[in-house]
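Hi,

Here is the structure I promised to pass on.

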Amino acid sequence: MNDQPYTYVTVSLRPDSTPRVTVSFYTSDLRVSAGTLVTNPRPYLELSSREANVHVSTTGAGPVTDADLSTAREIFNAAARYLADCERLHICQSAA
C-alpha cells in the first residue's frame, strides 16, 4: 500500500466512444468548497488538490432542475457515508 498522498488523473480516448476523464484523490490535502455564483446565480461544489480540480454545478450551467436536486442529494448522502466510514475506521485503526 502506498502511504504517500497523490492525485491520479486518466483520460481515455477511444475511437467511436465518448472521451472519459477519471480523477482520483488519494490525499488529505484536499480542498472542498461550495457556494453560489454571484453573476449567474447557481450552486457549485469544488474538490481540488495541487494537481487537479473537479467542479460540479447545475445542468448546462443553468437554473436548478429536479435532476440537479437529485444529484445534490446523492452527493450529500455519499459524503455522509464517507464521513461515517472514515470515523469508524479511524477508531478501529487507532485502537489497533
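To start with the cysteines: there are zero disulfides in this structure, a disulfide being a pair of cysteine sulfur atoms within 2.5 Å. The sulfur of C86 has its closest cysteine sulfur in C92, and at 12 Å that is too far for a bond. C92 is likewise in no disulfide, with the sulfur of C86 as its nearest, 12 Å away. C86 is partly exposed at 33% relative accessible area, and C92 is partly exposed too, at 47%. (Buried is under 20% relative accessible area, exposed over 50% and partly exposed in between, using a 1.4 Å probe and protein chains only.)

Before I go on, some background: this is a predicted model, where local features need pLDDT of at least 70 and side-chain atom pairs count only at pLDDT 80 or more, while totals for chains, interfaces and linings use all residues. Residues are numbered from 1 along each chain as its sequence is written, and side-chain values use heavy atoms, with hydrogens and water left out.

The other spot is T58, in the loop between strand 5 (53-57) and helix 1 (66-95); helices (H or I, at least four residues) and strands (E, at least two) are DSSP runs numbered from the N terminus. T58 is buried, at 8% relative accessible area. Beyond its neighbours within four places in sequence, T58 is in contact (heavy atoms within 4.5 Å) with R42, P43, P63, V64 and D68. A polar atom of the T58 side chain also lies 2.6 Å from the backbone oxygen of G62.

Cheers

Note on methods. Polar contact = N/O pair within 3.5 Å; in protein donor to acceptor, adjacent residues only side chain to side chain.
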